[in-house]
Amino acid sequence: MASQILGNMAEKAKTMAGGQSTKIAQLAADTKDVHDKNWRITSDFGVKQTNTDDWLKVASEDRTGPSLLEDHFAREKIHRFDHERIPERVVHARGSGAFGKFTLFESAADVTSAGVLTDTSRETPVFLRFSTVLGSRGSADTVRDVRGFAVKFYTEEGNWDVVGNNIPVFFIQDAMKFPDVIHAGKPEPDCEVPQAQSAHNNFWDFQYMHPEATHMFFWTMSDRSIPRSYRMMQGFGVNTFTLTNDKGERSFVKFIFTPELGVHSFVWDEALKIAGQDPDFHRKDLWMAIDSGAYPKWKFGIQVIPEAKEHDFDFDILDATKVWPEELVPIRYIGQLELNRNPDEFFTQTEQVAFCTSHIVPGIGFSNDPLLQGRNFSYQDTQLSRLGVNWQELPINKPVCPVMNFNRDGAMRHSITKGKVNYWPNRFETVPPATAQEGGFVEFPEKVVGIKTRLQSKKFREHKNQAELFYNSMSEPEKRHIKDALAFELDHCDDEVVYKRLCERLCEIDLELAQSVAEMVGADIPQEQTRPKHNKKAKGLSQLEYMPATPTIATRMVAILIADGYDQVAYNGIKAALTAAGALPFTISPRRNKIYADGEEKGGSGGVVADHHLEGQRSTMYDSVFVPGGAKSVETLRKNGRAVHWVREAFGHLKAIGATGEAVAFIRQAVDLPGMQFSTAGDVVDSYGVVTASQVQPESFKETVQMAKGATDFV
Ligand code: HDE
């Protein structure tokens with residue numbers, strides 16, 4: 001895959017050439033290209049260097065003497081290397097980013113005056129960073145975890161950051177608890193184990209001690225926390241923000257991004273294996289999609305509650321552990337986010353990008369959501385220790401609109417501001433604050449009366465209703481996955497108190513679930529529901545609701561297994577059909593040297609070069625597998641344990657499997673499960689998502705791939 005990425009560099013250059021956004025044009029001033037043949041290595045101060053390999057020494061042909069401290073070039077190279085690292089993010093350390101654009105197809109001028117949400121002629125450049133939360137910078141992509149979804153909109157009125165997640169709620173209600181929840185989830189303090197996992201005593205101890213976390217842990221135990229791709233997950237601002245329109249009317253708002261490709265997940269066994277087999281799976285997936293021109297897109301929506309209706313709900317709309325059910329507050333989709341350009345350099349862009357929830361633009365405001373209020377402090381603060389006081393001057397963080405003020409100096413200040421004064425007001429009356437008419441930010445004049453206390457509103461004390469709502473709204477396979485995930489996680493807790501108490505908590509949500517988990521993990525099996533159920537369901541919670549209107553196989557990776565003697569017609573047919581549908585076919589063979597079709601002379605001019613050999617890859621890295629016929633090819637695969645395992649594993653992971661000719665019998669044999677039914681005509685067997693046909697039928701195969709990926713369980 002890496003070679004593919006490199007091979008696509010030329011294509012990428014083409015993509016970048018046209019239609020540069022204002023942000024990309026701005027970045028160009030700070031960008032140098034190592035592929036420019038005119039470059040010669042210089043020192044950091046511009047002196048061309050003749051040797052960057054050998055330290056200056058007192059030496060001769062037959063005697064190596066000491067290295068000289070005098071060698072500035074050598075010292076500079078080593079010094080620079082010694083200081084390459086900066087602190088990784090305290091959470092969300094592992095991430096991947098991309099550039100793109102945001103466009104509006106409907107103005108939200110009725111609720112906000114923000115240009116980015118009202119001017120339908122604008123194209124706002126964005127940078128989006130996806131991340132996991134718990135793991136370190138080098139941890140695996142496919143772990144069970146919340147995913148960060150942080151978008152920086154470079155608007156004409158300044159940067160607007162939506163620092164969201166792929167799950168719409170959070171573990172805690174008050175920012176002051178953030179260090180606790182993160183400490184509990186991160187590796188335990190004595191042994192620093194486990195890495196990037198919530199499956200340990202401290203995490204689940206915290207969950208029990210904080211009933212408010214119940215709703216969120218149901219989400220993290222669901223398929224949402226093992227996404228198939230960053231391109232196939234939703235993004236949520238989570239916190240409640242506000243919008244203010246030209247008339248000065250204020251509403252509460254939540255921000256939502258819904259992917260065009262639908263919401264899809266791995267099955268847990270797949271995610272576990274990929275974490276070892278290809279820890280960069282999501283990173284590569286995003287890069288490859290953008291590189292090949294398959295730009296990921298999300299619909300952007302808002303849920304709006306007018307100020308006057310703030311108290312009309314049985315939950316507090318400022319409580320980040322609650323969703324706003326769509327039945328009560330419909331999502332109004334008004335825009336589109338597209339990612340269309342990979343970064344040029346990871347460190348200066350993806351690593352140095354810095355988000356702040358407090359970065360908003362006129363027309364958008366905060367609410368008294370206590371989680372948001374604390375976040376507004378934390379992000380600016382953490383950037384100071386991660387990047388230093390002038391982090392806003394780094395190219396990736398710079399707004400595309402002009403910046404001018406009297407904030408000065410500090411380590412590594414870049415911009416040079418001329419003039420006699422550095423304060424306001426001054427005798428020259430220069431650089432005054434803007435008026436509202438000039439686009440100045442005006443805080444909403446909110447009336448606040450109260451007593452100073454550490455309380456939250458009464459409604460913040462109810463923690464279970466929406467956890468149950470979420471669980472009730474899951475399809476049967478999704479419920480089974482939640483049960484299995486809980487059983488897995490609690491199996492990794494060896495402190496009896498932890499897993500026993502957690503099963504008691506589950507019993508407040510769903511007795512049957514609590515009983516099965518308790519049985520699996522060795523806890524006391526509860527006998528009765530300890531909280532009366534409301535049995536309600538809500539729209540938009542099950543991810544099955546997000547299948548795209550027109551199912552698509554685009555960007556899905558299909559492994560085609562062949563060996564010498566394969567059926568060339570079937571092979572070429574399926575490859576062409578998949579490519580035409582935007583899927584990515586990969587040829588996998590016992591070797592990467594040429595493979596010859598039935599009738600082709602070995603060593604002759606024909607043959608195909610496989611993308612990978614069977615030992616180099618695993619079925620987990622592909623969405624689907626196809627095996628064309630050809631007696632000799634199939635016989636070779638049948639005797640190859642890796643090929644047989646490939647098919648079995650793909651079947652176990654609910655992937656669509658296609659075969660033609662002699663390969664049909666091979667597939668049947670490989671996945672022969674008790675009670676499994678094949679149609680004698682060799683047609684599609686719906687219940688198992690297996691296509692068998694005597695001839696290539698790319699269309700039915702295509703549909704089956706979609707069908708099998710949509711159904712999250714069937715074995
Ligand atoms: Fe964050 N969070 N967070 N968070 N968060 C950070 O900021 C924090 C929360 C989220 O790709 C940190 O730059 C507090 C909710 C994302 O660079 C830090 C609280 C949501 C990212 C921080 C929360 C998020 C961060 C660490 C509780 C979903 C990665 C590095 C009140 C809406 C952004 C950094 C990126 C990163 C603090 C809770 C999302 C320490 C105090 C809720 C996507 O400032």
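Analyst: Two residues are taken to be in contact if their C-beta atoms, placed from the backbone, lie within 7 Å of each other. The model discussed here is a predicted one.

User: Which residues does Tyr379 touch, not counting those up to four places away in sequence?

Analyst: Tyr379 is listed by UniProt, in an unreviewed entry, under "binding site". Its place is in helix α11. With residues up to four places away in sequence left out, the contacts of Tyr379 are Val163, Phe355, Cys356, Thr357 and Ser358.

User: Is Tyr379 buried, partly exposed or exposed?

Analyst: A residue is buried with 20 or more other C-beta atoms within 10 Å of its own, and exposed with 12 or fewer. Tyr379 has 18 such atoms within 10 Å, so its class is partly exposed.
The answer for Tyr379 is therefore partly exposed.

User: Which element gives the largest share of the shell around the ligand?

Analyst: The ligand has 26 residues around it, of which His92, Gly148, Ala175, Val238 and Ser378 come nearest. Two or more residues each are given by β4 (123-132), β5 (147-155), β6 (158-165) and α11 (370-387). The largest share, 6 residues, belongs to α11.

User: How many residues of the shell around the ligand are charged?

Analyst: Sorted by class, the shell holds 13 nonpolar and 10 polar residues. The charged residues in the shell number 3.

User: How far apart are the end C-alpha atoms of residues 42-432?

Analyst: An unreviewed UniProt entry places the feature "domain: Catalase core" at residues 42-432. This span is 20% helix and 22% strand. Its end C-alpha atoms are separated by 44 Å.

User: At what angle do the axes of helix α5 and helix α6 cross?

Analyst: The axes of α5 (residues 178-185) and α6 (residues 201-209) come within 7 Å, crossing at roughly 145 degrees. Asp180, Val181, Ala184 and Gly185 of α5 make the contact with Asn202, Phe203, Asp205 and Phe206 of α6. By class, this contact has 4 nonpolar, 2 polar and 2 charged residues. The crossing angle is roughly 145 degrees.

User: What distance separates the end C-alpha atoms of helix α14?

Analyst: Helix α14 (residues 496-509) has 14 residues, which at 1.5 Å a residue should span 20 Å. The distance in the model agrees with this, because the end C-alpha atoms are apart by 21 Å.

User: Which elements do the buried residues of α14 pack against?

Analyst: In α14 the buried residues are Val498, Tyr499, Leu502, Cys503, Arg505, Leu506, Cys507, Glu508 and Ile509. Their packing partners are α6, α7 (214-220), α12 (465-472), α13 (476-491) and α15 (511-521).

Key: Residues are numbered from 1 along each chain as its sequence is written. This is a predicted model: local features need pLDDT of at least 70, side-chain atom pairs count only at pLDDT 80 or more; totals for chains, interfaces and linings use all residues. A residue is near a molecule or strand if its C-beta atom, placed from the backbone, lies within 6 Å of it. Helices (H or I, at least four residues) and strands (E, at least two) are DSSP runs, numbered from the N terminus. Ala, Val, Leu, Ile, Met, Phe, Trp, Tyr, Cys and Pro count as nonpolar, Asp, Glu, Lys and Arg as charged, and the others, Gly among them, as polar. UniProt positions are given in the numbering used here, feature names are shortened, and annotations may be inferred rather than shown by experiment. Axes are lines fitted to C-alpha atoms, for helices over the stretch in contact, and angles run from 0 to 180 degrees between N-to-C directions. The expected span of a helix is 1.5 Å times one less than its number of residues.
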